[in-house]
Amino acid sequence: GKSHRSSSRDGLPFLKLLILQRNKLTDIPKGLRNLKSLQSLDLSFNGITQIGLSDLRNCPQLENLYLKSNKIFRIHPEAFKGLKKLQFVDLSNNVLTAILPMMVIALELPHLEVDLANNPWQCDYSVAAFQNVISDSWRKTWNGICSESVGHEGVHRWTPQSRSSRDTPLPHHPTKP
């Protein structure tokens, strides 16, 4: 009886796989903090709009995160910090546009494999600033995304072709007022 009460208070401490697809979730569930053994989390096909700083903090064993086909428009730059075992994140088919938070994640987790397809990325010259410091796999990901992205008015399409030297000035391109 005593161990039963403590295990219910701690949630499901040995759960490794959790699939919550198509549940009309709008946020990352707060109960994840009790799932310290969780290795794979599938939250695809929900209505999640953002990933906050502490949403995944207490999932140190997380290896795979599936967030495909949500409405994610914002990811805190340190949302995956501390998730040392994270290997794959699927963020395809969301509404992500800002490159900067993803570049911070790329610097923090250079080994991470990500699917960022089918998001309305605003690819511009800011990607070039990161070409020297991101890993080859991240560089290939951005090359593919930026060559296929549909630019918004006032945002210019640009495909990084190679690494630039730190001494190479970034090209200046006037923007419309």
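This is a predicted model: local features need pLDDT of at least 70, side-chain atom pairs count only at pLDDT 80 or more; totals for chains, interfaces and linings use all residues.

Modeller: Residues are numbered from 1 along each chain as its sequence is written, and side-chain values use heavy atoms, with hydrogens and water left out.

Colleague: Why is Asn-46 called buried?

Modeller: Buried means under 20% relative accessible area, exposed over 50% and partly exposed in between, with a 1.4 Å probe and protein chains only. Asn-46 has 9% relative accessibility and therefore counts as buried. Across the chain, 36% of the 177 residues are buried.

Colleague: Where is Asn-46 found?

Modeller: Asn-46 lies in the loop between strand 2 (40-42) and strand 3 (50-51). Strands (E, at least two residues) and helices (H or I, at least four) are DSSP runs numbered from the N terminus. The chain has 3 helices and 7 strands, in the order α-β-β-β-β-β-β-α-β-α.

Colleague: Which backbone oxygen does the side chain of Asn-46 reach at 2.9 Å?

Modeller: That of Leu-43; the backbone oxygen of Ser-44 is reached at 3.3 Å.

Colleague: Which residues is Asn-46 in contact with, leaving aside its neighbours within four places in sequence?

Modeller: Contact means heavy atoms within 4.5 Å. With those neighbours left aside, the partners of Asn-46 include Leu-20, Arg-22, Leu-25, Ser-69 and Asn-70. Among contacts in the chain between residues at least 6 apart in sequence, 57% join residues at least 24 apart.

Note on methods: A polar contact is a pair of N or O atoms within 3.5 Å; within protein, one must be able to donate a hydrogen and the other to accept it, and residues adjacent in sequence count only if both atoms are side-chain atoms.
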